[in-house]
Amino acid sequence: MHKNWIFRKGDSRIQEHLVKELKISALLARLLVNRGIKQPRDALKFLKPGISDLLDPLDLPDMEKAVKRVRKALKDKQPILICGDYDVDGITGCVLLHKVLGRMGGLADIHLPHRIKDGYGISRDAVKIAVKKKALAISVDCGISDFEEVDELRKSGIDTIIIDHHTPHNGRLPTAFAIINPKLETSSYGFKDLAGVGVVLKVAQALTADTLEADLDIVALGTVADVVPLLGENRIIVKEGLARLNATRHNGLKALIDVSGIKGKEISVGYISYILGPRINAGGRMGDAGAPLKLLLSDDYDEAKLLANSLNTHNRNRQNIEEKIMNEAVSRIESGEMDFKNHYVIVLGGDSWHRGVLGIIASKIADRYYRPVIIISFEDGVGKGSCRSIRSFHILEALSRCRKHLQDFGGHKCAAGITVLERDLDNFRESVNAAARDMLKPSDLIPSIEIDAEVRLADLNHGLLDSINELSPFGCDNPEPLFSTRNLSLKGLPQVMGRGTLKMWVTDGNTTYQAVGFAMASLKDYISSLSSFDAAFKVSADTWEGRNDLQLEIEDIRPSEPSLL
């Protein structure tokens with residue numbers, strides 16, 4: 001599928017000012033401006049983020065109140081129950097808080113819900129345990145929508161501190177002792193997009209009056225895995241955390257890195273996103289998040305290695321289940337079950353599909369067909385579904401228009417969850433597609449890429465790559481720079497490599513570079529048929545077998561158009 005190319009428009013005046021003030025290249029200045037950075041002071045903070053730039057944790061709402069209550073629990077030797085979430089963000093947040101409270105002499109336990117049995121949030125079992133132990137309850141990466149559970153705890157004489165980063169539903173808040181969340185309407189905190197583990201970090205910093213730099217590897221892990229914007233404090237956390245992750249002192253992380261086959265490699269955002277994160281998530285996705293929790297809490301390397309191996313097994317099982325459901329879903333789509341002319345939203349339901357992989361499958365299908373996707377698993381007539389959207393479609397707003405066909409729903413612009421009765425599926429499918437036809441134009445169903453600059457192949461060098469790397473770590477809202485070059489041709493035939501990778505040499509007649517297209521093997525004949533084409537690409541280094549050659553990572557190819565240069 002060809003993509004719509006959007007060329008970012010630079011501001012030459014601002015770029016020249018950055019070049020003059022910071023003594024940086026014109027291209028780096030353009031890349032900064034393309035990311036909304038226009039002042040030299042902001043550019044310096046972006047290029048050289050440091051611990052000293054972290055914000056004061058006491059600026060978060062209810063922080064002082066919460067810190068006093070936790071310190072009282074520590075002084076009185078009151079049990080503390082940490083109630084977390086089963087994903088990487090929730091688990092790392094629980095681990096960090098548990099470690100910090102343990103160093104302070106606290107008596108803390110962790111309770112994670114079972115994805116299938118309990119669902120998301122503070123579970124009924126957690127409420128019972130807190131009441132029985134007369135504990136101080138602290139939620140991590142959840143709690144902001146657990147009204148009944150928090151109210152029951154309050155009525156039972158249990159104080160609850162909510163540490164969360166999710167947006168409150170319609171402004172309504174639980175009756176907790178304290179709520180620490182940068183997204184509260186009353187919050188004046190200078191950065192709103194912390195991950196759940198990032199909010200825990202702020203609580204831990206306030207408790208200890210320490211920046212906790214040695215624990216930033218754990219915080220970076222949860223921050224990257226939760227796909228929050230890698231800007232502001234998140235950028236500092238991840239940049240500093242990656243440096244520490246490469247020499248982590250946490251035996252659980254060491255074992256996971258070793259077992260995952262990346263020992264000795266420089267840990268990057270990509271390794272967290274595609275290797276470490278999925279293994280930690282695998283336990284929770286398959287039902288029980290106990291193994292990854294024990295792994296990250298373990299001080300014994302041998303024990304941690306056994307746990308890491310078990311997560312590898314869980315991950316393989318998850319992949320097998322995911323592949324089976326994915327193949328069934330795609331087969332049904334390709335066989336004509338979906339009416340693409342009238343159905344802008346793909347809605348598929350299956351009997352007893354494993355709920356732990358529905359979100360992954362919805363994301364993959366959304367990427368494949370560039371349409372909003374809702375995947376539902378039915379058991380005894382009741383369906384639980386995961387929704388994933390595209391750039392132009394606010395999935396939560398669409399669901400709100402279909403509420404009469406749903407038992408429950410919640411989420412945000414890009415992702416959501418639903419509960420729907422099987423007998424209501426057809427009506428729901430028609431309703432959500434009616435909403436989509438009202439909210440979307442046909443052109444919105446064409447994926448787009450944003451190109452930072454058009455360049456000549458002769459402009460590519462290691463100096464350019466160094467400039468690009470100054471903008472790392474890359475991730476949500478800080479994408480890796482994308483360039484384009486027009487009027488290229490092939491030098492030789494493309495070769496299909498492993499995992500569907502297409503390898504080729506491209507030239508403008510004067511300069512030639514190696515190019516790779518990941519998962520682009522199916523385009524071999526098409527590309528070979530073009531006498532002249534334009535390419536959109538990232539620039540990277542090919543380090544295979546000790547090399548350090550520049551290469552183009554192709555994002556899209558189209559027949560040539562007139563150059564802007």
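Modeller: Before we start, a definition: two strands pair if DSSP finds at least two bridges between them, and strands are DSSP runs of E with at least two residues, numbered from the N terminus, while helices are runs of H or I with at least four. This is a predicted model, where local features need pLDDT of at least 70, side-chain atom pairs count only at pLDDT 80 or more, and totals for chains, interfaces and linings use all residues. Residues are numbered from 1 along each chain as its sequence is written, and side-chain values use heavy atoms, with hydrogens and water left out.

Biologist: Which residue in β6 is the bridge partner of Ile161?

Modeller: Ala178. Strand β5 (residues 160–163) runs parallel to β6, and 3 bridges join them.

Biologist: What is the strand order in that open sheet?

Modeller: The 5 strands go β3-β2-β4-β5-β6, with parallel pairing. At the edges are β3 (108–111) and β6 (178–180), each pairing on one side only.

Biologist: Which strands does helix α8 touch?

Modeller: Helix α8 (residues 196–208) packs on the sheet and touches β4 (136–140), β5 and β6; contact means heavy atoms within 4.5 Å.

Biologist: New topic. Where is Asp556, and is it buried or exposed?

Modeller: Asp556 is in strand β19 (residues 549–559). Asp556 is buried, meaning under 20% relative accessible area with a 1.4 Å probe, protein chains only.

Biologist: What does the side chain of Asp556 make a polar contact with?

Modeller: The side chain of Trp5, at 2.8 Å. A polar contact is a pair of N or O atoms within 3.5 Å; within protein, one must be able to donate a hydrogen and the other to accept it, and residues adjacent in sequence count only if both atoms are side-chain atoms.

How values were computed
Axes are lines fitted to C-alpha atoms, for helices over the stretch in contact, and angles run from 0 to 180 degrees between N-to-C directions. Buried means under 20% relative accessible area, exposed over 50%, partly exposed in between (1.4 Å probe, protein chains only). Lys and Arg count as positive and Asp and Glu as negative; His and the chain ends are not counted. A salt bridge is a side-chain nitrogen of Lys or Arg within 4 Å of a carboxyl oxygen of Asp or Glu.
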